[in-house]
Amino acid sequence: MTAFKNSFFSISLSLVLFSFSNCGGTQKASETELEQNPPFTVAEASFQKWVAGTQEGGSGVDVFINISNVSTGVVLQDLFFRNKKSQLNTSPTVRSQYIAHFKNSSSDPIMDIDPTKEAKNIPPEKTPFTLNQNEAVISYDYNGTTAYFKIEQLEEKEMLAYPGGNPNDEN
């Protein structure tokens, strides 16, 4: 009987310790590590709010990042900013500048008794980072590995308000 109690105790203790080790492993996997020395240099980073001249045009924020000293094998991918994610694109006018566009959502979610209509709602994408209002994270691929770099101080530029209509319109 003593052998049975010892076996039962050993198995129970092993299960408890195993369950604690899984909790720690899950926490580690969900944390996204930030690179301290990326294979590029952020020369300048800023953001600018904008508003269209018409209600249908909406509003949003554009983030501009000037990158220099880019190592071979680096591909900039996405930018995380204010709990949103957007693709980084090269500027059509400045080769070393990358731009991410974040349009404010102006549509209310569809609430309907018909679930097929509600299925058209797009859920917000969760970001793995907790950032202040003037911080952003760049995701990039470096020789086949995805890494992340945090920009801690983006400069805010003056808001850009587009005109209300076409000046050539003869209405």
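# Briefing: strands, core, salt bridges and ring pairs

Serine 46 sits in strand β1, residues 41-51. Helices (H or I, at least four residues) and strands (E, at least two) are DSSP runs, numbered from the N terminus. The model is predicted: local features need pLDDT of at least 70, side-chain atom pairs count only at pLDDT 80 or more, and totals for chains, interfaces and linings use all residues. Residues are numbered from 1 along each chain as its sequence is written, and side-chain values use heavy atoms, with hydrogens and water left out.

**Overall architecture**

- The protein chain has two helices and nine strands.
- Their order along the sequence is α-β-β-β-β-β-β-α-β-β-β.
- Of the 171 residues in the protein chain, 26% are buried. Buried means under 20% relative accessible area, exposed over 50%, and partly exposed in between (1.4 Å probe, protein chains only).
- Contact means heavy atoms within 4.5 Å. Among contacts in the protein chain between residues at least 6 apart in sequence, 60% join residues at least 24 apart.
- The protein chain exposes about 12500 Å², and carbon and sulfur atoms supply 53% of that area. Areas come from the Shrake-Rupley method with a 1.4 Å probe; for residues, only the protein chains shown count as cover.

**Serine 46 and phenylalanine 64**

- Serine 46 has a relative accessible area of 5%, so it is buried.
- Leaving aside neighbours within four places in sequence, serine 46 contacts Asp62, Val63, Phe64, Leu154, Glu155 and Lys157.
- Phenylalanine 64 belongs to strand β2. Its relative accessibility is 19%, so this residue counts as buried.
- With neighbours within four places again left aside, phenylalanine 64 contacts Glu44, Ala45, Ser46, Gln48, Gln97, Tyr98 and Ile99.
- Phenylalanine 64 and tyrosine 98 are 34 residues apart along the chain, yet their C-alpha atoms are separated by 5.8 Å.

**Nonpolar core**

- A nonpolar core is a set of buried Ala, Val, Leu, Ile, Met, Phe, Trp, Tyr and Cys residues joined through side-chain atoms within 4.5 Å.
- The largest one has 22 residues. Val63, Ile65, Leu76, Leu79, Phe81 and Ile138 have the most contacts inside it.
- At least two residues of this core come from each of β1, β2 (59-68), β3 (74-81), β6 (97-103), β7 (136-142) and β8 (145-151).
- In soluble globular proteins, nonpolar side chains tend to be buried together.
- Isoleucine 138 touches Phe40, Val42, Ile65, Ile67, Leu76, Asp78, Leu79, Leu88, Ala147, Tyr148, Phe149 and Ile151, not counting residues up to four places away in sequence.

**Salt bridges**

- The structure holds five salt bridges. Each is a side-chain nitrogen of Lys or Arg within 4 Å of a carboxyl oxygen of Asp or Glu.
- One of them joins the side chains of lysine 157 and glutamate 44, at 3.8 Å from N to O. This pair links distant parts of the chain: lysine 157 is in strand β9 (residues 155-161), glutamate 44 is in strand β1, and they are 113 residues apart.
- Lysine 157 is partly exposed at 31% relative accessibility. Glutamate 44 is partly exposed too, at 35%.
- Lysine 157 also bridges to glutamate 155, with the closest N and O atoms 3.8 Å apart. Shared partners join Glu44, Glu155 and Lys157 into one network.
- Glutamate 155 is partly exposed at 43% relative accessibility.
- Lysine 85 and aspartate 78 form another salt bridge, at 3.8 Å from N to O. Lysine 85 is partly exposed at 37%, whereas aspartate 78 is buried at 18%.

**Aromatic pairs**

- Rings of Phe, Tyr and Trp (its six-membered ring) pair if their centres lie within 6.5 Å; planes under 30 degrees apart count as stacked, over 60 as edge-to-face and the rest as tilted.
- By this rule there are eight aromatic pairs.
- Phenylalanine 80 and phenylalanine 129 are edge-to-face, 5.0 Å centre to centre with 65° between the planes. Phenylalanine 80 is in strand β3, and phenylalanine 129 is in the loop between α2 (115-118) and β7, 49 residues apart.
- Phenylalanine 80 is buried at 6% relative accessible area, and phenylalanine 129 is buried at 8%.
- Phenylalanine 81 and phenylalanine 102 have ring centres 5.7 Å apart and planes at 45°, so this pair is tilted. Phenylalanine 81 lies in strand β3 and phenylalanine 102 in strand β6, so the pair ties together parts 21 residues apart in sequence.
- Both phenylalanine 81 and phenylalanine 102 are buried.
- Phe40, Tyr140 and Phe149 form one aromatic cluster.
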